[in-house]
Amino acid sequence: MFEIFKNRLEIIGTLETVTALRISAGRSTEPIGSDLPVIKDAFDRPLIPGSSLKGALRSRLESFLRGIHHDFAANPAQETEWSIPPDEMASVKERIKNLTPQEKEAQLHEYILNNTDLVSSLFGSPWLASKFQIRDLTVSQPDDNWFGQYQERDGVAIDRDTETAGDSKLYDFQVVPAGTPFIFHAVIENAEEWELGMLMIGLHQFQTEQIPLGGGRSRGLGVVKLIIKKMNWVDVRDENYKRDKTYKPQTDPKKVQDYLKSLINNSSNSASSDIDTQSLKQAWADVFINHLSSELQKRTNTTATSSH
């Protein structure tokens, strides 16, 4: 289906290492240097892949939601445990193959939306694009914060039988020191309020140092703290559409035009300059909790009906 721009949330901040961080680039092939260097950017500075942060965030939210109902978060690592497995998708396509292209597209789109688990709805699945994007995190203000101060630490492999250090098993690994700030920049487009609430709860885990990153976490490495400095919120949806998702048009043409004008005038933040960030975060979180209750009730009713 052709996408319509409805809203956009931009989150800007800093992710700071509280303890040393190790996101490995794999075993080094260099004759000298660390056995296990960290991943770096083109300027030889440390880099945190956006996919690492996104994966850790998704995993934490999945663990929360599975605690409420296992259907709320599918297992993205196993094809047979996707919310729509490949054989089921093939069956749906076979069933609608004789429809017109427009009808097929509409029915397939509706089927995917209705059968995708809650976490994949925001983070994406093989059948649905992600609404949430995080840029790779580079060192903030590197002229002031980065002087090539990588740390080298030693490690040793232990022989399980003798419980002593194995022969020739000494190695060293590189870490990024504590106190290194990275630029955090995320964008979420066309999200529902409950999806934004889910995201706010997940990001709060990073704000309170509850989600470690990288390797060596059992040794205390990878503790990070997210500091959100700014949120830009643009919402061009029609007020009637917000209350009734069948209402058309979905967007307010005047709001769209005003937003486009603000882009041309290089003042993209003007559409959201007066927002109360804390109130929005709380409102989205409340909608998310209510959405969970509603979805749980639906599944409870389905189970009760099928058991009769």
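**View A. The salt bridge between E295 and R299 in the predicted model.** In this predicted model, E295 and R299 are joined by a salt bridge whose closest N and O atoms lie 2.9 Å apart. Both residues belong to helix α9 (residues 277–307), where a spacing of four residues separates E295 from R299 by about one helical turn. E295 counts as buried, because its relative accessibility of 11% falls under the 20% limit. Side chains of opposite charge can pair when their charged atoms come close.

View B. The side chains of E239 and K255 meet in a salt bridge, with an N to O distance of 2.9 Å. This pair links distant parts of the chain, since E239 lies in helix α7 (residues 239–243) and K255 in helix α8 (residues 253–264), 16 residues apart. E239 counts as partly exposed at 39% relative accessibility, and K255 is likewise partly exposed, with a relative accessible area of 24%. Salt bridges that share partners join E239 and K255 with E193, D235, R237 and K242 into one network.

**View C. The salt bridge between R8 and E189.** A search of the whole structure finds 16 salt bridges, and one of them is formed by R8 with E189, the closest N and O atoms being 3.0 Å apart. The two residues come from distant parts of the chain, with R8 in strand β1 (residues 7–17) and E189 in strand β7 (residues 181–189), 181 residues apart. R8 counts as partly exposed at 23% relative accessibility, and E189 counts as partly exposed at 30%.

**View D. The open sheet that contains β1 and β7.** Four strands form an open sheet in the order β3-β7-β1-β8, and their pairing is antiparallel. The edges are taken by β3 (132–134) and β8 (224–235), each of which has a single partner strand, so one side of each is left without a neighbour in the sheet. Neighbouring strands of this sheet are turned against each other by 20 degrees on average, direction ignored.

**View E. The pairing of β1 with β7, and the helix that packs on the sheet.** Strands β1 and β7 pair in the antiparallel sense over nine bridges, and I11 stands opposite A186 in β7. Helix α6 (residues 193–207) packs on the sheet and touches β1, β3, β7 and β8. The direction of helix α6 makes about 155 degrees with that of β8.

Conventions. Residues numbered from 1 in each chain as written. Predicted model: local features only at pLDDT ≥ 70, side-chain atom pairs only at ≥ 80, totals over all residues. Heavy atoms only, no water. Salt bridge = Lys/Arg side-chain N within 4 Å of Asp/Glu carboxyl O. Buried < 20%, exposed > 50% of the residue type's maximum accessible area, 1.4 Å probe, protein only. Pairing = 2+ DSSP bridges. Axes fitted to C-alpha atoms, helices over the stretch in contact; angles between N-to-C directions. Contact = heavy atoms within 4.5 Å.
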